[in-house]
Amino acid sequence: NLLYRFNFDRIHWELNWQFRHSRTYDHQARYRLDQVDGWTESDPLEWLPSTTSLLLQGLDNQNSRYTDDRLQEHTVGTKLSLPVFGNTLELNYQFARQHERYHYDHALLDTVMYRTKGLHNLRLTYGIGKKYESGWNGNYQFHYTMRQTAPDMEQLVPISNTYNPLAIVTGNPNLKDLLVQDVGLNLNFSNYKRNNAFLFAAVGYGSYRNNVAMATRYNRETGVYTYQPENVNGNKVMYSALRYESRFLKSKKLMVRNALAYNFNHNVDLMQTNEPDVVALSKVNTHRIEEKLEVSYDFRQLTLGAMAQIKHNRATSHRADFTTVRANDIAYGINANWRLPWSLQLATDLNMYSRRGYGDASMNTNDLVWNASLSRAFLKGRLTTTLQGFDLLHNLSNVTYAINGQGRTETWNRSIPSYFMFHLQWKFQKNPKKR
């Protein structure tokens, strides 16, 4: 990449160019063990034959594929910063020219696909700074961003994957580029002369055009599901946030931090219908309100704190089969940080996490979580050792539940909720002899 910057008093102009080359080779081999001579049902299904001849005999050429993706990207851009009405207007524009060669080798198709794309990225910001007689400093910033993203070449190949005969996945060569736009206003106020107070507020709106959703079609006669990516429009979000932090008392040892946020998500996805070849739009509106209050007091060697948080989620839809979601995530607890002799430092927290209002009873849980860590610094603070323990009471499960934008329950497994970990950290700093 290359960059050149012009500086004219308060005007700054930057020109940049970047070249990127990447190559990704993928071999997805599928096997049919029932085609291997002598392979019985008593043999483990997850074991493959150990000889090359038997391995090739069981190769499922119909669904195995080889891909070779080569991408070359030239990006040219400019960044301009100039004064407007005594404040700063900044324009950042990038244009990426992509040349992609995609080799797809399959039993039904061996072809090379070429694609040339021009993608635009734009960010516009305007900031205003003010000082008030009361001691407050204010900063107002408006921003607008626009970003384009091309779909993966793999999604464009019109070949069906029938490895699972009841769940067939096929590509869509008619997918369009994703366009994301965001506009917002941020406000920052600070007053370090009085109570070290800080106030932040934000409001914004975002829209998504040509999002990729997975269309599901079900054939009742054959029992086969067919999945294909398609573009959907109408996704949008609105967000707002308000945070406040300040220190009280003459010693300023009492700290209070409060955060309030509201988010609205209009989620558009595809859903299957009773018709075998017809999909319908599923539109869900989700409102999310969050409130978090934190208080702490510093007793020199000991700092004690408390926390309370609530997250309210409400999801609605005009669909006849949709059940309105009214769920709350509640958390509260205490924490401590104790500076011990011999440069030891003990940190611990005890929190209760509660979930209420979910339609699935397994999600309405109470989890008491205790974490702790002990650390010590050596060599004048350059070397730090830490022993950390997470979920010492073993109350968390390795199954995690969440509600997605369509109001559906999603589950994650195979996590490690309870563990011990040892950290070793080394800090180094080298200053030049002459400045």
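1. Phe189 is buried in this predicted model, with a relative accessible area of 17%. The cut-off for that class is under 20%. Tyr140, at 22% relative accessibility, counts as partly exposed.

2. These residues belong to the aromatic pairs of the model, of which a search of the whole structure finds nine. The ring centres of Tyr140 and Phe189 are 5.6 Å apart and the ring planes stand at 85°, so this pair is edge-to-face.

3. Tyr225 and Tyr227 provide a stacked example. Their planes lie at 15°, with ring centres 6.3 Å apart; planes under 30 degrees apart count as stacked, so the pair falls in that class. Tyr225 is partly exposed, with a relative accessible area of 29%, and Tyr227 is likewise partly exposed, with a value of 25%.

4. The largest pocket has a volume of about 620 Å³. Its lining comprises 26 residues, and those closest to the pocket centre are Tyr353, Arg355, Asp367, Leu396 and Thr400. By class, the lining holds eleven nonpolar, ten polar and five charged residues.

5. Which strands each supply at least two residues of this lining? They are β16 (302-316), β17 (325-339), β18 (344-356), β19 (366-378) and β21 (400-403). The largest share, five residues, comes from β18.

6. Arg355 lies over the face of Tyr358, at 4.8 Å from the ring centre.

7. At 8% relative accessibility, Ser354 counts as buried. The side chain of Ser354 is joined to that of Asn366 by a polar contact of 2.7 Å.

Key: Residues are numbered from 1 along each chain as its sequence is written. This is a predicted model: local features need pLDDT of at least 70, side-chain atom pairs count only at pLDDT 80 or more; totals for chains, interfaces and linings use all residues. Side-chain values use heavy atoms; hydrogens and water are left out. Rings of Phe, Tyr and Trp (its six-membered ring) pair if their centres lie within 6.5 Å; planes under 30 degrees apart count as stacked, over 60 as edge-to-face and the rest as tilted. Buried means under 20% relative accessible area, exposed over 50%, partly exposed in between (1.4 Å probe, protein chains only). A charge sits over a ring if NZ of Lys or CZ of Arg is within 6 Å of the ring centre and within 35 degrees of the ring normal. On a 1 Å grid over the protein atoms alone, a cavity is a set of points where a 1.4 Å probe fits but cannot get out, and a pocket is an open set with protein on both sides within 12 Å along at least five of seven lines; lining residues have an atom within 4 Å of a point. Grid points are joined across faces, edges and corners, and a volume is the space filled by probe spheres set on the points. Helices (H or I, at least four residues) and strands (E, at least two) are DSSP runs, numbered from the N terminus. Ala, Val, Leu, Ile, Met, Phe, Trp, Tyr, Cys and Pro count as nonpolar, Asp, Glu, Lys and Arg as charged, and the others, Gly among them, as polar. A polar contact is a pair of N or O atoms within 3.5 Å; within protein, one must be able to donate a hydrogen and the other to accept it, and residues adjacent in sequence count only if both atoms are side-chain atoms.
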